[in-house]
Amino acid sequence: MKDELSLLSISNYNTQFVNELKYQIHNNPKKYTVETAKQVESIFIQILLKSMRNTLLKNDLFDSNQSRLYTDIYDQNISEEMSKKGMGLTDIILKQIHIQKNMF
């Protein structure tokens with residue numbers, strides 16, 4: 001049960017983080033727009049890594065709640081490092097944000 005709660009708390013982390021960024025952007029859009037775009041890119045990369053990992057065959061020896069927890073943490077760290085260098089999504093997200101601002 002404890003492992004399930006840990007996995008749930010990690011999956012809820014992204015949702016909480018995005019909500020915090022929404023609040024920060026609302027209060028100071030110039031300061032937090034770029035940071036938010038980078039974090040969205042990081043979350044996208046993490047989802048991409050998780051989807052790719054799910055396509056692999058499961059090994060019963062290493063398939064446990066603990067190994068999935070560590071794998072999720074590892075994927076999160078990789079996605080944060082990859083988003084620091086960027087894949088180009090940050091620029092696309094920033095362009096979309098500016099388009100949305102101009103529409104309203």
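In what order do the elements of the protein chain run from the N terminus on? Please then look closely at the contact of H2 with H3.

A: From the N terminus on, the elements run α-α-α-α. The protein chain thus described has 4 helices and 0 strands; helices (H or I, at least four residues) and strands (E, at least two) are DSSP runs, numbered from the N terminus. This is a predicted model, in which local features need pLDDT of at least 70 and side-chain atom pairs count only at pLDDT 80 or more, whereas totals for chains, interfaces and linings use all residues. Residues are numbered from 1 along each chain as its sequence is written, and side-chain values use heavy atoms, with hydrogens and water left out.

Of the 104 residues in the protein chain, 22% are buried; buried means under 20% relative accessible area, exposed means over 50%, and partly exposed lies in between, for a 1.4 Å probe and protein chains only. Among contacts between residues at least 6 apart in sequence, 81% join residues at least 24 apart, where contact means heavy atoms within 4.5 Å.

The part to examine is the packing of two helices. Two packed helices are described by the angle between their axes and the distance between the axes. Helix H2, residues 29-54, packs with helix H3, residues 65-85, at an angle of about 135°, and their axes lie 8 Å apart. Axes are lines fitted to C-alpha atoms, for helices over the stretch in contact, and angles run from 0 to 180 degrees between N-to-C directions. H2 and H3 are therefore oblique to each other: angles under 35 degrees count as roughly parallel, over 145 as roughly antiparallel, 65 to 115 as roughly perpendicular, and the rest as oblique. The crossing of H2 past H3 is right-handed; a crossing is right-handed if the near helix is turned clockwise from the far one by less than a right angle, and left-handed if anticlockwise.

On the H2 side, the contact is made by Lys-38, Glu-41, Ser-42, Ile-45, Gln-46, Leu-49, Lys-50 and Arg-53. H3 contributes Thr-71, Asp-72, Tyr-74, Asp-75, Gln-76, Ile-78, Ser-79, Glu-80, Met-82 and Ser-83. By class, the contact has 5 nonpolar, 6 polar and 7 charged residues; Ala, Val, Leu, Ile, Met, Phe, Trp, Tyr, Cys and Pro count as nonpolar, Asp, Glu, Lys and Arg as charged, and the others, Gly among them, as polar.

One is Asp-75, placed in helix H3, which counts as buried because its relative accessibility is 2%. Residues up to four places away in sequence aside, Asp-75 touches Gln-46, Leu-49, Lys-50 and Arg-53. Its side chain and that of Arg-53 are joined by a polar contact of 2.6 Å; a polar contact is a pair of N or O atoms within 3.5 Å, of which, within protein, one must be able to donate a hydrogen and the other to accept it, and residues adjacent in sequence count only if both atoms are side-chain atoms. Asp-75 and Gln-46 are 29 residues apart in sequence, yet their C-alpha atoms are 5.9 Å apart in space.

The other is Ser-79, also placed in helix H3, which counts as buried because its relative accessibility is 1%. Its neighbours within four places in sequence aside, Ser-79 is in contact with Ser-42, Ile-45, Gln-46 and Leu-49.

Val-34 is placed in helix H2 and counts as partly exposed, at 41% relative accessibility. Beyond its neighbours within four places in sequence, Val-34 is in contact with Thr-90 and Leu-94. The C-alpha atoms of Val-34 and Leu-94, which are 60 residues apart along the chain, are separated by 7.0 Å. Glu-35, likewise found in helix H2, is partly exposed with a relative accessible area of 34%.
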